[in-house]
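Subject: Structure handover

Hello,

Here is the structure you will be working with. Please open it beside this email and read the notes below with it in view.

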Amino acid sequence: MSTRRDPRGMRVLVTGASGTFGRAVSARLDALGARVVGLDLAPRPDDPALVLACDITDDDAVPVAVDAAIGRLGGLDLLINNAGIGGPAPAELPPGAEVRRQLDLNLLGTWRVTAACVDALVASRGRVVMVSSRMAVMQLPLAAAYGASKRALVAYADALRLEIGTHVGVTCVYPSAVRSPIHDSTAAAGLSLEGMSRYEPLEGVVRTVVNASLSARPRRDLPTTRRGAVEFFLARHLPALTDRIVARTLARRVRSGAFEGADLAAGVVARHRPAG
């Protein structure tokens with residue numbers, strides 16, 4: 001019995017298809033013989049696959065774009081929910097436009113697209129791959145909206161699996177940090193988490209997403225590196241330990257002056273100053 005599904009002719013929809021992850025995954029699946037259509041807010045002329053313009057935060061636009069994509073493909077075997085954004089969002093501050101933006105795109109955008117694809121996926125006995133984040137299980141400071149959206153994304157995937165898992169496989173993939181423009185707004189706000197997280201190569205994320213897509217049986221959860229697998233295990237089973245590790249790393253970053261002058265981190269910096 002084969003351990004992989006044949007990608008040749010597989011009908012694939014990728015969200016966030018013009019971004020760093022989306023372009024790389026689309027190119028890999030296209031090279032393997034899959035038929036790929038993407039959705040993105042801003043398609044690029046050099047995208048490796050056909051990408052339809054779609055704002056996945058728009059309730060009305062999503063069903064129209066998904067119908068157009070499925071029409072071009074003639075059905076749907078695989079949905080890769082890759083679209084996502086990050087940004088500065090300390091948990092101690094009230095939620096504003098930035099928090100709502102991340103939750104609407106990362107969680108509700110995925111929900112909208114998936115709901116529009118369910119009938120086609122059930123018909124083909126297809127698969128959904130959710131690109132989540134290591135922060136879904138191991139939160140980092142000063143980025144509460146991103147972590148909350150990705151943890152909620154996993155909860156959504158769990159509910160989806162219970163509802164349609166008789167016909168559709170649902171897998172969550174958990175990358176750590178990869179160098180890409182998703183970090184630019186956080187760095188611009190003076191809240192760069194350099195030193196809080198070890199970067200991993202893009203290739204490992206692409207390989208894991210493709211493996212999740214083509215494995216003979218759908219996997220429930222897939223970290224993208226060996227280190228990520230250890231972090232995933234510790235965060236799931238020893239969360240107090242991982243909290244202490246992250247808290248100590250944050251304290252070292254604050255003492256190094258990493259967040260000096262960053263208004264959004266003023267509370268964190270003040271609380272780490274010696275008393276007196």
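Accessible areas here come from the Shrake-Rupley method with a 1.4 Å probe, and for residues only the protein chains shown count as cover. By that method the accessible surface of the chain is about 13200 Å², and 57% of it belongs to carbon and sulfur atoms.

Two notes on the source. This is a predicted model, in which local features need pLDDT of at least 70 and side-chain atom pairs count only at pLDDT 80 or more, while totals for chains, interfaces and linings use all residues. Residues are numbered from 1 along each chain as its sequence is written, and side-chain values use heavy atoms, with hydrogens and water left out.

The whole chain

The chain has 9 helices and 7 strands; helices (H or I, at least four residues) and strands (E, at least two) are DSSP runs, numbered from the N terminus. Its radius of gyration is 19 Å, close to the 19 Å that the globule rule gives for 276 residues, so the chain is as compact as a globular protein of that length. That radius is taken over C-alpha atoms, and the globule rule is 2.2 Å times the number of residues to the power 0.38. Along the principal axes, the C-alpha atoms fill a box of roughly 70 × 40 × 35 Å.

Of the 276 residues, 50% are buried. Buried means under 20% relative accessible area, exposed means over 50%, and partly exposed lies in between (1.4 Å probe, protein chains only). A contact means heavy atoms within 4.5 Å. Among contacts between residues at least 6 apart in sequence, 70% join residues at least 24 apart.

The expected span is 1.5 Å times one less than the number of residues. Phe-21, Gly-22, Arg-23, Val-25, Ser-26 and Leu-29 are buried in α1. These buried residues pack against β1, β2, β4, β5 (127–131) and α6 (202–214).

Helix α2 (residues 61–73) has 13 residues and reaches 19 Å between its first and last C-alpha, close to the expected 18 Å. Which residues of α2 are buried? They are Val-62, Ala-65, Val-66, Ala-69, Ile-70 and Leu-73. They cover an arc of only 130 degrees around the axis, which puts them on the same side of α2; the arc is that of the directions from the helix axis to the C-beta atoms. On the other side of α2, Val-64, Asp-67, Gly-71 and Arg-72 are exposed. The cover over the buried residues of α2 includes β1 (11–15), β2 (35–40), β3 (50–53) and α3 (97–124). Just after α2, Gly-74 takes a positive phi of about 75 degrees.

Salt bridges

A salt bridge is a side-chain nitrogen of Lys or Arg within 4 Å of a carboxyl oxygen of Asp or Glu, and the count comes to 16. One of them joins Arg-11 and Asp-77 at 2.9 Å, N to O. Arg-11 lies in strand β1 and Asp-77 in the loop between α2 and β4 (78–81), so the pair ties together parts that are 66 residues apart in sequence. Asp-77 is buried, at 15% relative accessible area.

Arg-44 forms another with Asp-46, where the closest N and O atoms are 3.5 Å apart. Arg-44 is partly exposed at 39% relative accessibility, and Asp-46 is partly exposed at 46%. Arg-23, Arg-44, Asp-46 and Asp-47 are linked in a network of salt bridges.

Regards
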